[in-house]
Amino acid sequence: KYYAIISMSYLFLSCTKYKKLRYRHYMRRILTFVGLSMFSTILFANDSTGYVSTGGVQYLKNKDIQMYSEDLFISKKQIKVDYQFKNLSQKDVTETILFPLPPIENFFESDFADTERLLQSFKVQANGKTIQPEMHVRTFIQKDEKSKPVDLTAEFKQCGFTEKEMLNPWNRQNYEYAPFEAKLRSCKNAKLQQALPENKDEAIAWSSQVIYSWKQTFKAASLTRVQHQYAPLVGGSVALYPAEDEKAYCMDSSFKAGLRKAKSQHAPYQALGYILKTGANWAKPIQDFKLTVERDADELVSFCWAGKVTKISPTRFQMTEKNFVPKQDLDIIFVQKL
C-alpha cells in the first residue's frame, strides 16, 4: 500500500509501515489511498490525492475590531465567506489582513489536491470593491523528524531562488527534484547549510507557503463587509474504512446506517478541511455565525459539530450560532453512494 500523510505544517509521503507509525507521533491526519480510477471529479495520474486545511482571513488581535458576522459556505467546488467587521471605536482603524495558506512540500511521489487552482481562484472584495491582494511566498526546510521547519525565505533568495522556483510546490511547473537539490547543496549560505540534512544522500524536505495580505481600513463605529472565495484543496480515496476515519469525521450511528443502506462502507470518498479557530482572534465573539455545507446528490456527508445541524435542502446542511467562539477546526468527508 501507499500512504499519503498530510498535516497543516508538513506533507510527507511514505510507502513503509515504519514511517507511517513514526509519523503518528506528530501528524494530524492519515489518509490511506489505493487508487483513483473511480473518481470523476478529480483526474490525477497516480493513486491518491491528499489535502490540507485552509481557512478565513485573520490578523493579530485588535481590541477595537469585532468579527460581527460570518456567513460561510463550503462545498468541494468552492468556499465562500461573507464577513461583517464592526469597528467598536470612534476612530478609523487600518490593519493588515492576512490569508495564510498551509505549507506544501516539494515532493511529487504522489498526487495532491489542485493547489494551483486555489491560487488562481482566490478573490477578495471589501464593501463591494475588488481588492488585489499581495502574494508573499515563504520557504522552509525541515532538517529531520525531530526538528521544526525553519523559515529560510531570505536564504533561498540569497542563494538565487526566484519567486517562481520558491512557488514550485504550489504550481508544480518543475517535477524534477534534482535541480532544486543541487542548488540548495551548492549554496554557500551558512544558515541554510546548517539546516540541510547531514547525509548528502538524504532528500531535502523543503516546503513553500503562500500568504495573501492587504491593508483594510475599518471606518469608525461602522460595519465593513469583506468577502472572499476560492477553490478548496480536496483529497480523497477509492476506499473508505469507517473504523479508521470515524473519529476524524464524527461518523455517528445515523451516518453509518446511511453507509450500510447505500452499500458504501468501503466506497470512494473525498475530504477537505477548514480552519475555524482563527475566528477567535478578534475583539469579541462572532455575534452571528452561519455555516452551510453542500454535498452532491449522490453522496453522504459527515463532519464534527457541537451544535444543531439542520438539513435545509436535499444537498445542504446549515448551522447557526450566536456569540460564537470557534474552538475546533472542521474536517468534512463526502462518501459516494454506490
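**Strands, a helix and a histidine: how we know**

Guide: Welcome! Strand β5 and strand β6 (residues 79-87) run antiparallel and are joined by 9 bridges. This is a predicted model, where local features need pLDDT of at least 70 and side-chain atom pairs pLDDT 80 or more, while totals for chains, interfaces and linings use all residues. Residues are numbered from 1 along each chain as its sequence is written, and side-chain values use heavy atoms, leaving out hydrogens and water.

Visitor: What makes β5 and β6 a pair?

Guide: Two strands (DSSP runs of E, at least two residues, numbered from the N terminus) pair if DSSP finds at least two bridges between them. With 9 bridges, β5 and β6 qualify. A hairpin of 4 residues links them, and L72 stands opposite V81 in β6.

Visitor: Which sense does the pairing of β5 with β17 take?

Guide: Parallel: β5 and β17 (residues 286-294) share 6 bridges. Here I74 stands opposite V293 in β17.

Visitor: Why is β5 called largely enclosed?

Guide: Buried means under 20% relative accessible area, exposed over 50%, and partly exposed in between (1.4 Å probe, protein chains only). Of the 10 residues of β5 (residues 65-74), 9 are buried, so the rest of the structure largely encloses this strand.

Visitor: How do you know whether H136 is buried, partly exposed or exposed?

Guide: H136, in strand β11 (residues 134-142), has 28% relative accessibility, so H136 counts as partly exposed.

Visitor: What makes the link between H136 and S213 a polar contact?

Guide: A polar contact is a pair of N or O atoms within 3.5 Å; within protein, one must be able to donate a hydrogen and the other to accept it, and residues adjacent in sequence count only if both atoms are side-chain atoms. The side chains of H136 and S213 make such a contact at 2.7 Å. These two residues are 77 apart in sequence, with their C-alpha atoms 7.8 Å apart.

Visitor: Which residues does H136 touch, not counting those up to four places away in sequence?

Guide: Contact means heavy atoms within 4.5 Å, and H136 touches Q209, V210, I211 and S213.

Visitor: Why do the buried residues of helix α6 line one face?

Guide: A helix is a DSSP run of H or I, at least four residues. In α6 (residues 178-186), the buried residues are F180, E181 and L184. Seen down the axis, they fall within an arc of 100 degrees, so they line one face of the helix; the arc is that of the directions from the helix axis to the C-beta atoms. Their packing partners include β11 and α7 (190-195).
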